[in-house]
Amino acid sequence: MGFAGWPAGAQAQNGSLSETYSSDEILTAGHQFFGSVAQGLASLIERAFSQYGQPNGYILGQEGGGALFIGAKYGDGTLYTRNAGTHQVFWQGPSLGLNIGADGSRVMMLVYNLPTVDAIYDRYPGVEGSIFAVGGLGMTALKMGDVYVVPISSGVGLRAGVSVGYLNFTREPTWNPF
């Protein structure tokens, strides 16, 4: 279910992830990935850049989830870096809150301060508020240590609510949301 073939820069496999992406590069990748549903994408990317600066990685993928107060989310995608190549990632996570419904989304996750590729494979907690009524764009932020993951999603479905939870990034897919 991954998305291969997106531009990623140099393909070195080791070393620190010091090189960042400009807002124009992220916006171009986002428009190619999201296509015609990317009307509000520029303002979300501008907001992320003003709050967090330039990312040193990004993930393009897809996810789906559902909730009836207790929820779960599952996704997969590709992590792009300038100097450490591309890497398949999977994520899953539980949520708890006033959250009801189901949705499916295309997701671009901006990744900030990632010291190495291995650092992405961890649990990133956050608070999420969403409302999907057929479609829409949304942005949230997750943090683990100094690393921020900022998912920007374009989803379809019927889901509304506020919840707390985390995303657990893994190398292999799993049905266990914990």
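Welcome to this predicted model, in which the chain averages a pLDDT of 83 and 84% of the residues score at least 70. The chain holds 2 helices and 6 strands, and from the N terminus on the order of the elements is α-α-β-β-β-β-β-β. Of its 178 residues, 46% count as buried. Here is a short tour, topic by topic.

**Confidence along the chain**

- Among the elements, strand S1 (residues 57-80) has the highest mean pLDDT, 94, while strand S3 (residues 123-133) has the lowest, 73.
- Over residues 1-15 the pLDDT is below 50, and this stretch has 39 contacts in the model beyond near neighbours in sequence.

**Overall layout**

**The nonpolar cores**

- In general, nonpolar side chains tend to be buried together in soluble globular proteins.
- Here, the largest nonpolar core has 19 residues, and Ile 59, Leu 79, Met 109, Leu 114, Ile 120, Tyr 124 and Phe 169 are those with the most contacts inside it.
- At least two residues of this core come from each of S1, strand S2 (86-112) and strand S6 (147-170), and S2 gives the most, with 5 residues.
- Another core, of 18 residues, lies apart from this one and includes Ala 29, Phe 34, Leu 110 and Val 150.

**Glu 63, a buried acidic residue**

- Glu 63 is found in strand S1, and it counts as buried because its relative accessibility is 12%, under the 20% cut-off.
- The side chain of Glu 63 makes a polar contact with the side chain of Trp 91, at 2.7 Å.
- Glu 63 also forms a salt bridge with Lys 73, where the closest N and O atoms are 3.7 Å apart; both Lys 73 and Glu 63 are buried.
- Leaving aside neighbours within four places in sequence, other residues in contact with Glu 63 include Tyr 74, Gly 75, Asp 103, Ser 105 and Val 107.

**Salt bridges**

- As a general point, side chains of opposite charge can pair when their charged atoms come close.
- The count of salt bridges in this model comes to 3, and the pair of Lys 73 and Glu 63 is one of them.
- Another joins the side chains of Arg 82 and Glu 25, at 2.3 Å from N to O.
- Arg 82 lies in the loop between S1 and S2 and Glu 25 in helix H1, so this pair ties together parts that are 57 residues apart in sequence.
- Arg 82 counts as buried, at 19% relative accessibility, whereas Glu 25 counts as partly exposed, at 34%.
- The side chains of Asp 118 and Arg 171 also meet in a salt bridge, at 2.7 Å from N to O.
- Asp 118 sits in the loop between S2 and S3 and Arg 171 in the segment after S6, so this pair links parts that are 53 residues apart in sequence.
- Asp 118 counts as exposed, at 52% relative accessibility, and Arg 171 as partly exposed, at 46%.

**A stop in helix H1**

- His 31 has its place in helix H1 (residues 23-34) and is partly exposed, with a relative accessible area of 38%.
- The C-alpha atoms of His 31 and Ala 42 are separated by 8.9 Å, with the two residues 11 apart along the chain.

Key: Residues are numbered from 1 along each chain as its sequence is written. This is a predicted model: local features need pLDDT of at least 70, side-chain atom pairs count only at pLDDT 80 or more; totals for chains, interfaces and linings use all residues. Side-chain values use heavy atoms; hydrogens and water are left out. pLDDT is the predictor's confidence in each residue, from 0 to 100. Helices (H or I, at least four residues) and strands (E, at least two) are DSSP runs, numbered from the N terminus. Contact means heavy atoms within 4.5 Å. A nonpolar core is a set of buried Ala, Val, Leu, Ile, Met, Phe, Trp, Tyr and Cys residues joined through side-chain atoms within 4.5 Å. Buried means under 20% relative accessible area, exposed over 50%, partly exposed in between (1.4 Å probe, protein chains only). A polar contact is a pair of N or O atoms within 3.5 Å; within protein, one must be able to donate a hydrogen and the other to accept it, and residues adjacent in sequence count only if both atoms are side-chain atoms. A salt bridge is a side-chain nitrogen of Lys or Arg within 4 Å of a carboxyl oxygen of Asp or Glu.
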